[in-house]
Every structure is written in structure tokens, then in C-alpha cells.
Amino acid sequence: MLTCAGLAIQPANAADLTVGANIGNVPWEFQDETGKDVGFEIDLVNEIAKQMGKSVEIVNIPFNGLFSAVQSGRINMAVSSITITDKRLESVTFAQPYYDSDQSLTALSSSGFTSLKDMENKVIGVDTGSTGDMWVTNNKAEYKLGEIRSFEGLSSAMLDLAAGRIDGYISDIPALQYYVKDKPELKVIERIPTGEKYSVMFKKNDPLANEVNDVISKLKEQGYIAKLHETWFGAKADEGTSTVKIMDMPAAK
């Protein structure tokens, strides 16, 4: 970066906001057939930036790397169906949530599996550092799960599932429902209630979080986020969920 009279000169093409995202996290952020970044959260952050009068750059970062990227200031904020947790609130800040989710178990339709009870001693796939990863760690003994294999996104996990290298895959239910809706060989066989909510993540106490939070409130009032839900999931968002209801910014307990 060049300087002049002690002032930093940003590159002409530098974006106002850099947003980290784990591209390949369908349907939240992924690439279409032309290589363009698309998805629920891509649409959301682009609209947030538009409302703020700012330009935006999407930076592809594996899920587990989003936390350090935000904390170090490498990026301004991060999305990737990131769940708000008390533990995470100790080191980062979140805007209000915009999606209520659960985990789920997906398997081959031909497997005959119908629930988590069928996963005893079976090989389970999870995304590294995700809510599914944490859920499996906490419940492995109860369900007598076998080997746990970690992946960096849904696509690679589904390849291993289809090839029989894993028996089941535990991840966010919206992503899995979207993925399997036109793939009869795969089936979401059980919803796993977790009460998780997704939001945009920022560096701890970053004032930008408050600005973005206000924009999210505005987008909820306008019905924009509810419309995104219909676009990407083919169904209306339930009343009272964080997709339609304006909520407080989460705070560490």
C-alpha cells in the first residue's frame, strides 16, 4: 500500500466491506454454473451493503478460518450459517439473528436408516467447527456413534456419502433440505432440534455490528429477508421466527 504525506492510499478497486464466507455452503453461499457467488446470505450481505451505500467484496474462507479472520481484522464481517453461541459471544460480536435452524441427519435413501438410533457404530460426517460438529461431540456416547470424519463444506461430505465412505452426515437442516430436494438417492431422515439462530459475525465490539443490525431491522420491516426465505427454501418463513421478527442484538451472558 502506498502512502502520501502520511496518508494511506487504498487501491482504486478496494471494497468498503470485506465479507468472509465459506463458499460451497449451499444454499447460503455457493457458486452457480457461471462461477458467480450466489445464495441466501450472499443476497443478504449485498443488500445490506446497498442499503449502507457501500461496496462489498466476498472473500472465500473455510468455515473454521472465519473466526480468526474477523478477529484479526482481515475481513469486516462473516457469514456462513454461523450460529450464535454464548461461547462465541465471548470473542466476537453478532448482529441480531435472521434465521432459526436445527441440525439434521442425512443418509442414502437405500440405506434403510430412519433415525439417529440407526447410527450406532456408523461413520458420521460433520463440518469442521460447525454446530453439527459440536452436537456430535456432545452426543457421540449417547447414540454410540462410530468414527467421526470432518469436512470443509457440504459438497465434499456429500461425495463421500454417495460413495459409501460415510454412513450419515449431520449438518444444518436448511442446507440439506435444499440439497436433497432434487436428489431422490439422498434423504434427510431426522431433524435434530438445537434452537440455533444464524447471524452476521464481527470483531468483538466493532461499531459496524450496530450499523448492520439497524439495516437488518429495516430489511425485516420491509419483508426483504422473508422474501429471501421464500426464494431459497420455497416456503414462507414461520411467524415469530428471527427471519421476520426484529430482535435484540445478542449479548454474552
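Helices (H or I, at least four residues) and strands (E, at least two) are taken as DSSP runs and numbered from the N terminus. The model is predicted, and local features are therefore reported at pLDDT of at least 70 and side-chain atom pairs at pLDDT 80 or more, whereas totals for chains, interfaces and linings use all residues. Residues are numbered from 1 along each chain as its sequence is written, and side-chain values use heavy atoms, with hydrogens and water left out.

Helix α5 comprises residues 154-162, of which Leu-154, Ala-157, Met-158, Asp-160 and Leu-161 are buried (buried, under 20% relative accessible area; exposed, over 50%; partly exposed in between; 1.4 Å probe, protein chains only). Exposed residues Leu-159 and Ala-162 are carried on the face of α5 turned away from the buried side. Just after α5, Gly-164 adopts a positive phi of about 80°.

Aromatic pairs number 14 in a search of the whole structure. Rings of Phe, Tyr and Trp (its six-membered ring) pair if their centres lie within 6.5 Å; planes under 30 degrees apart count as stacked, over 60 as edge-to-face and the rest as tilted. Trp-28 and Tyr-198 form an edge-to-face pair, since their ring centres are 5.3 Å apart and their planes stand at 80°. This pair links distant parts of the chain, 170 residues apart: Trp-28 is in the loop between β3 (17-21) and β4 (30-31), and Tyr-198 is in strand β13 (residues 186-203). Both Trp-28 and Tyr-198 are buried. The rings of Phe-30 and Tyr-178, with centres 6.3 Å apart and planes at 50°, are therefore tilted. Because Phe-30 lies in strand β4 and Tyr-178 in helix α6 (residues 173-180), the pair ties together parts 148 residues apart in sequence. Phe-30 is buried, with a relative accessible area of 14%. One aromatic cluster is formed by Trp-28, Phe-40, Tyr-98, Tyr-99, Tyr-198 and Phe-233.

Arg-88, located in helix α3 (residues 86-89), is buried yet has no salt bridge, and Glu-196, the nearest side chain of opposite charge, is 6.9 Å away. A salt bridge is a side-chain nitrogen of Lys or Arg within 4 Å of a carboxyl oxygen of Asp or Glu; Lys and Arg count as positive and Asp and Glu as negative, while His and the chain ends are not counted.
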